[in-house]
Amino acid sequence: MALLCYNKGCGQKFEADQNNDDACLFHPGVPIFHDALKGWSCCRKRTTDFSEFLSIQGCTHGHHSNVKPQEPLQPEVSSGKGENKNTNGHEIIYQGPKSAEALQKERPSSDEAKTKMSLKVSASLAQVLKKLDISNRAEKEKIESQVVVHGTRCKNAGCKTMYQGPATDMEVCTHHPGAPVFHEGYKYWSCCCIKTIDFNAFLDQKGCTPDKHCWVPKQNKKKVACRYDWHQTGSNVVVTIYAKNANPEFSTVEANRTVLSCHIQFENNKVFKKDFHLWGVIDVKQSSVNMVPSKVEVSLRKADTVAWGKLEDPNFKPEPSDAAEDPTETEEMQQADWDIDDDDISDSDDEWAYDRRANKEAQQKKEEERRKRIKEEEEKRKAGQRKKVGEEMKAAEEEMKKIAEQEKKEVEEEEYDDLPELDS
């Protein structure tokens with residue numbers, strides 16, 4: 001009985017007892033359709049005509065096969081809007097992306113406990129930090145080795161002690177560790193909050209904390225704004241913070257499923273601190289932090305493979321209470337030395353009362369008078385310039401008239417000389 005060969009490119013009938021090693025000529029590869037060209041992956045012949053493609057002769061010899069190849073899955077479309085069933089009986093469920101309403105409803109609370117993320121430091125950054133550490137230590141030793149000059153004033157705020165020798169170091173320094181606050185006409189220190197209106201009385205306030213004298217200016221950490229950017233892939237969101245030479249020993253990155261908190265110290269004494277309330281939900285365990293000399297990259301794994309519209313949640317509104325509790329937080333971080341002296345700050349209370357309405361009106365009036373005076377002076381200057389230009393033009397016209405009269409006189413004299421002499 002003749003059997004049908006199911007090898008690709010053959011399709012002939014054969015007898016089982018005549019099926020040998022060279023009986024079948026077929027294509028062991030798969031069909032390829034690319035850029036209007038059709039062919040087989042096992043041989044190089046390509047054509048644009050489909051009939052020609054079907055008639056391409058096989059490239060490999062072998063046995064005939066009467067085993068029918070398994071067909072790909074083809075869903076059965078039912079008459080209703082219900083499920084699709086496959087011919088082999090296995091059910092396949094296709095799940096699309098969640099809607100924005102569903103994501104918002106399932107969004108976890110931002111008050112969840114945060115997990116500290118491990119920092120991966122590149123070899124190049126470790127080498128740069130090692131060099132910076134050596135230079136910083138050398139500079140610190142140089143500053144400490146400097147001899148304090150007699151008459152140097154203590155750098156602690158509120159202390160007016162002058163250095164008179166080694167015995168001065170044994171004295172107790174009573175100073176203000178906080179920051180000066182000037183608010184609604186009142187002046188006080190954030191550490192003791194003894195309010196006063198008189199500026200001289202504010203300068204004469206005694207310190208509230210005992211400590212040692214400091215003869216060298218302190219180099220405090222400065223809270224600064226740092227440029228950052230973000231991009232996303234199908235499964236990750238990458239936040240890039242452009243902080244150069246970030247120090248991993250003093251930097252922390254914490255996160256829960258909706259909030260990313262970054263505290264990064266870079267370039268010795270600069271600090272970048274920000275909380276990102278994320279647009280979507282992340283998987284903290286599969287997220288990572290990579291630190292290189294030029295930047296810090298935080299790779300966040302998406303919990304749901306959906307495209308983020310923004311990095312941060314637009315519905316989040318920061319609470320103003322945090323800023324109101326400590327109005328001097330920013331000033332403390334940015335100011336390196338709170339050594340206040342009469343030469344540094346004016347002792348006039350009027351200069352600290354710009355928020356009063358009367359002083360604002362007086363300032364506006366002075367500004368208007370100044371602008372008016374400048375405008376009048378500008379008009380006078382322009383009028384003077386116009387007058388000067390007019391005089392120069394008038395002088396030039398007179399000069400031209402004189403030259404024209406002189407030329408006319410010379411022409412008349414020449415004509416008179418050319419006349420013939422009359423005989424007497």
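Predicted model: local features only at pLDDT ≥ 70, side-chain atom pairs only at ≥ 80, totals over all residues.
Biologist: In which sense do strand 11 and strand 22 pair?

Modeller: Strand 11 pairs with strand 22 (residues 282-292) in the parallel sense, over three bridges. To find the spot, look for Leu-119, which stands opposite Val-289 in strand 22.

Biologist: Now strand 19, please. How should I read its two faces?

Modeller: Here is the general idea: side chains in a regular strand alternate between the two faces of the sheet. In strand 19 (residues 252-255), Val-253 and Ala-255 form the covered face, while Thr-252 and Glu-254 form the uncovered one.

Biologist: Which residues stand opposite Ala-255 and Val-253?

Modeller: Opposite Ala-255 you will find Thr-115; strand 10 (residues 115-116) and strand 19 pair antiparallel over two bridges. Val-253 stands opposite Cys-262 in strand 20, and four bridges join strand 19 to strand 20, again antiparallel. Strand 19 and strand 20 form a hairpin, with three residues between them.

Biologist: And where does strand 20 lead?

Modeller: Into another hairpin, with strand 21, and three residues lie between the two strands. Strand 20 (residues 259-266) and strand 21 (residues 270-277) pair antiparallel over eight bridges; His-263 has Lys-273 as its bridge partner. In the turn, Glu-267 has a positive phi of about 50°.

Methods
Residues numbered from 1 in each chain as written. Heavy atoms only, no water. Pairing = 2+ DSSP bridges. Buried < 20%, exposed > 50% of the residue type's maximum accessible area, 1.4 Å probe, protein only.
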